[in-house]
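Visitor: I have a model open here. Can you walk me through parts of it?

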Amino acid sequence: MSTTFVIRQDVLSACNTLLQPERFKDYGPNGLQVEGRAEIGHMVSGVTASLAFIEAAIAAKADAIFVHHGLFWRGQDGSVTGWMKQRLKLLLAHDINVLAYHLPLDAHPALGNNAQLGLRLGLAGAPAFGEQNLGWLAECGSDQVFKNSDALAHKAGNALGRTPVLLAGDGRVIRRVAWCTGGAQGYFEAAIAAGADAFITGEISEPQAHIARETGVAFLACGHHATERYGAPAVAAQVAQQLGLTHQFIDIDNPA
């Protein structure tokens with residue numbers, strides 16, 4: 001089967017139409033971060049544009065990579081040295097496009113990180129709280145209620161392939177579950193205010209342990225990378241199918 005090639009702008013337009021980055025105030029640029037070859041036939045998706053991922057994309061003969069965590073973030077000094085030089089050197093030498101979407105990829109109602117995490121946990125939720133309404137909340141049906149936070153942690157661990165860090169709360173039955181993927185530990189108080197019995201995210205910081213103990217609401221830190229593995233391949237696969245491109249997901253393991 002011959003490869004279909006599509007001009008870069010058509011791929012970018014398809015991604016922008018799907019994810020609507022203009023709706024978000026973000027921590028870095030969404031969309032095309034590095035310009036590569038003008039035509040794209042094979043797209044590779046992943047979580048982060050790390051050196052290991054870029055090397056894997058080159059081995060896979062990618063024309064473009066689609067990631068959640070791109071190269072450029074607010075607060076960087078702009079120097080192209082060290083690790084940044086190594087990443088850009090490979091991308092430019094191999095003429096690979098970098099498409100990166102941060103908050104828009106978290107927020108997509110069906111293909112985004114939050115929607116995809118809910119799907120894997122069997123939770124039918126919707127945006128309900130937090131900055132730019134990124135946090136999701138689900139009311140568990142009678143057949144979905146978790147006996148306690150240990151049961152929810154067991155479910156999450158099986159779904160994500162790693163054991164969560166659990167602050168168990170007060171042992172209550174878990175009827176309302178809130179979540180936001182990645183580094184959303186700062187949304188915990190907003191999740192509590194929204195009525196959650198448990199909150200799931202990727203990371204935990206020192207204050208959340210105390211808040212969980214004092215409020216009785218469970219907190220599960222399931223891994224930043226582990227909770228954000230699903231949005232990028234879901235979006236990239238849809239765009240690839242729409243445009244007739246080939247696509248593959250490459251997962252570079254990360255314990256964080």
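This is a predicted model: local features need pLDDT of at least 70, side-chain atom pairs count only at pLDDT 80 or more; totals for chains, interfaces and linings use all residues.

Visitor: In what order do the five strands of the open sheet come?

Guide: The order is 2-6-5-4-13, with mixed pairing. Strands here are DSSP E runs of at least two residues, numbered from the N terminus, and two strands pair if DSSP finds at least two bridges between them.

Visitor: Which strands stand at the edges?

Guide: Strand 2 (31-34) and strand 13 (246-249); each has a single partner strand, so one side of each lacks a neighbour in the sheet.

Visitor: And how does strand 2 run against strand 6?

Guide: Antiparallel, joined by three bridges. Leu32 has Leu99 as its bridge partner in strand 6.

Visitor: New topic. Which residues touch the most other members of the largest nonpolar core?

Guide: Among them are Met43, Phe66 and Leu99, in a core of 22 residues. Such a core is a set of buried (under 20% relative accessible area, 1.4 Å probe, protein chains only) Ala, Val, Leu, Ile, Met, Phe, Trp, Tyr and Cys residues joined through side-chain atoms within 4.5 Å.

Visitor: Why is strand 8 largely enclosed?

Guide: Because four of its five residues (135-139) are buried. Strand 8 pairs antiparallel with strand 7 over three bridges and with strand 10 over four.

Note on methods:
Residues are numbered from 1 along each chain as its sequence is written. Side-chain values use heavy atoms; hydrogens and water are left out. Buried means under 20% relative accessible area, exposed over 50%, partly exposed in between (1.4 Å probe, protein chains only).
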